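Hi,

Here is the structure we talked about. Please look it over, then read my notes below.

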Amino acid sequence: FFWVLLGKRKMADESAVANAQNYEDRVNKELLAQRQWIKDWGSLYAPDEPLDYFGKIAQLEERTKLYAHATAQSTNSDYGNYDKQYPEFKQKKVKKPDII
């Protein structure tokens with residue numbers, strides 16, 4: 001019972017503004033930690049990769065040129081054409097009910 005009261009009192013002492021500021025600080029630290037890790041350790045784990053963002057953007061643009069001829073295709077585009085690809089499977093003809 002004491003811990004329940006202590007928990008309620010603790011929550012009453014905190015303000016929404018302070019919680020929002022603490023959350024924003026945590027998010028900023030996470031974003032900065034990623035950049036700092038790349039600067040500190042990136043050259044060891046990926047020596048051929050650029051360390052700055054502009055270098056990464058240029059590298060990714062070069063990689064996308066390799067796939068310029070590729071087309072996006074989903075499995076739905078094959079629907080209805082499977083009888084040509086798989087002649088052993090036959091589609092059942094379903095009689096549509098008459099609507100009165």
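The charged end of K56 sits over the ring of Y53, 5.9 Å from its centre. The rule for this: NZ of Lys or CZ of Arg within 6 Å of the ring centre and within 35 degrees of the ring normal.

This is a predicted model: local features need pLDDT of at least 70, side-chain atom pairs need pLDDT 80 or more, and totals for chains, interfaces and linings use all residues. Residues are numbered from 1 along each chain as its sequence is written, and side-chain values use heavy atoms, without hydrogens or water.

The protein has four helices and zero strands. Both are DSSP runs, numbered from the N terminus (helices: H or I, at least four residues; strands: E, at least two). Of the 100 residues, 2% are buried. Buried means under 20% relative accessible area, exposed over 50%, and partly exposed in between (1.4 Å probe, protein chains only).

Now W37. This residue lies in helix α2, residues 16–45. W37 is partly exposed, at 43% relative accessible area. Y45 is exposed, at 62%.

There is one aromatic pair. W37 and Y45 form it, stacked, with 5.5 Å centre to centre and 25° between the planes. Rings of Phe, Tyr and Trp (its six-membered ring) pair if their centres lie within 6.5 Å; planes under 30 degrees apart are stacked, over 60 edge-to-face, the rest tilted.

Best wishes
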